Amino acid sequence: MKDNSLLIASYREKAVSKCFNKEYSSAIYFYKKILFLNPTNHIKIEIIKELIGINFYLEKFREVIFLTKDLMQLRKHSDYDFIFLGFSYIKIKKFKKAEYWLNRISIEEYPEFCAKYIGLCLLMDQLDKFEKSIHYFGKFVEVGELRGQ
């Protein structure tokens, strides 16, 4: 296998530059070119994370879901994966899937993370289940009080 590290570095530099200039479609193009070069697992993970962030910003939630699931195949799952999946599924109105992923967020590991309860609160609002929404907002407040905020 030929070493593509210089080409990967060049494409990465172009992608970052395009992001800096808010030329997101071009940045996505260069990031995807990197993935076609079959980079190391470490670089692939970094590139997919960048693509998830860009697509989330651009509100391309189906792409965020696709990329996040790819990322989860490459490394141990994280709360960030669950947050991106939960919020993306809310945005495309697949509420059962959103609830599934939001419930997987482990706030015990990261007490500063309240995304689980905020996400569930937003989800229940979308479903017009206001009592449940209030319940989850109460949980959000409770976590904040436990942190002394």
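Predicted model: local features only at pLDDT ≥ 70, side-chain atom pairs only at ≥ 80, totals over all residues.

How are helix 5 and helix 6 oriented to each other, roughly parallel or roughly antiparallel?

1. The axes of helix 5 (residues 79–91) and helix 6 (residues 95–102) cross at roughly 160° and come within 8 Å. Angles over 145 degrees count as roughly antiparallel, and helix 5 and helix 6 are therefore roughly antiparallel to each other.

2. The crossing in which helix 5 passes helix 6 is left-handed. On the helix 5 side the residues that meet helix 6 are F82, L85, G86, F87, Y89 and I90, and their partners in helix 6 are F95, K97, A98, W101 and L102. Sorted by class, the residues of this contact comprise nine nonpolar, one polar and one charged.

3. Helix 5 also packs with helix 4 (residues 61–74), at an angle of about 155° and with the two axes 9 Å apart. Because of that angle, helix 4 and helix 5 are roughly antiparallel to each other, and helix 4 passes helix 5 in a left-handed crossing.

4. To the contact between these two helices, helix 4 contributes F61, V64, I65, T68, K69, L71 and M72, while helix 5 contributes D81, F82, F84, L85, S88, Y89 and K91. The contact of helix 4 with helix 5 holds nine nonpolar residues, together with two polar and three charged ones.

Note on methods
Residues numbered from 1 in each chain as written. Heavy atoms only, no water. Axes fitted to C-alpha atoms, helices over the stretch in contact; angles between N-to-C directions. Helix = DSSP H or I, 4+ residues; strand = E, 2+ residues; numbered from the N terminus. Parallel < 35°, antiparallel > 145°, perpendicular 65-115°, else oblique. Left-handed = near helix turned anticlockwise from the far one by under 90°. Contact = heavy atoms within 4.5 Å. Nonpolar A, V, L, I, M, F, W, Y, C, P; charged D, E, K, R; others polar.
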